[in-house]
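Please read these notes beside the model. They cover charge pairing, surface patches and a few individual residues.

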Amino acid sequence: MSSLVLTGQMTRKQALERVSTPELPEDELMKEFEYVAKKLGFTTEELWGYFNGSNKTFKDYKNNYKLIQLGTKIMQMLGLEKRAF
């Protein structure tokens with residue numbers, strides 16, 4: 001909705017009102033949740049567990065982030081890289 005506000009198609013107040021109300025009634029939302037759980041092969045309780053679980057970032061998993069950061073710093077010092085990561 002931010003793009004609608006920026007282009008003048010909606011006021012900020014209208015966008016805030018729309019965001020504050022649920023898109024679906026509670027019973028329909030639960031049906032959708034059950035449908036997604038079934039399609040993913042989970043029970044509803046399992047999906048709720050994932051849904052309410054702690055958030056993860058890429059830093060929680062093995063990756064080459066530090067190596068990439070080091071390479072970027074070296075490239076910046078040599079003047080070969082001007083982007084900020």
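1. Glu23 is exposed because its relative accessible area is 58%, where exposed means over 50%, buried under 20% and partly exposed in between (1.4 Å probe, protein chains only). Glu23 forms a salt bridge with Arg18, with the closest N and O atoms 3.7 Å apart; the term requires a side-chain nitrogen of Lys or Arg within 4 Å of a carboxyl oxygen of Asp or Glu. Arg18 counts as partly exposed, at 41% relative accessibility. The structure holds one salt bridge. Side chains of opposite charge can pair when their charged atoms come close.

2. On the basis of these notes: this is a predicted model, in which local features need pLDDT of at least 70 and side-chain atom pairs count only at pLDDT 80 or more, while totals for chains, interfaces and linings use all residues. Residues are numbered from 1 along each chain as its sequence is written, and side-chain values use heavy atoms, leaving out hydrogens and water.

3. Which residues form the negative surface patch? Glu26, Asp27, Glu28 and Glu32 do. Patch members have over 30% relative accessible area and no salt bridge, with like charges joined within 9 Å and nonpolar side chains (Val, Leu, Ile, Met, Phe, Trp, Tyr) within 5 Å. Asp and Glu count as negative, Lys and Arg as positive, and His and the chain ends are not counted; a charge is placed at NZ of Lys, CZ of Arg, CG of Asp or CD of Glu. Glu26 is found in helix 3 (residues 26–40) and is exposed, at 57% relative accessible area. Helices are DSSP runs (H or I, at least four residues), numbered from the N terminus.

4. A nonpolar surface patch of about 610 Å² is made by Leu67, Leu70, Ile74, Met75, Leu78 and Leu80; accessible areas come from the Shrake-Rupley method with a 1.4 Å probe, and for residues only the protein chains shown count as cover. Ile74 is placed in helix 5 and is partly exposed, with 41% relative accessibility.

5. Is Glu81 buried or exposed? Glu81 is buried, as its relative accessible area is 15%. Glu81 lies in the segment after helix 5 (65–77). Apart from neighbours within four places in sequence, Glu81 is in contact (heavy atoms within 4.5 Å) with Thr72, Met75 and Gln76.

6. Val5 sits in helix 1 (residues 2–6) and is partly exposed, at 30% relative accessible area. Not counting residues up to four places away in sequence, Val5 touches Met10, Thr11, Arg12 and Ala15. The C-alpha atoms of Val5 and Arg83 are separated by 30 Å, the two residues being 78 residues apart along the chain.

How values were computed:
Helix = DSSP H or I, 4+ residues; strand = E, 2+ residues; numbered from the N terminus.
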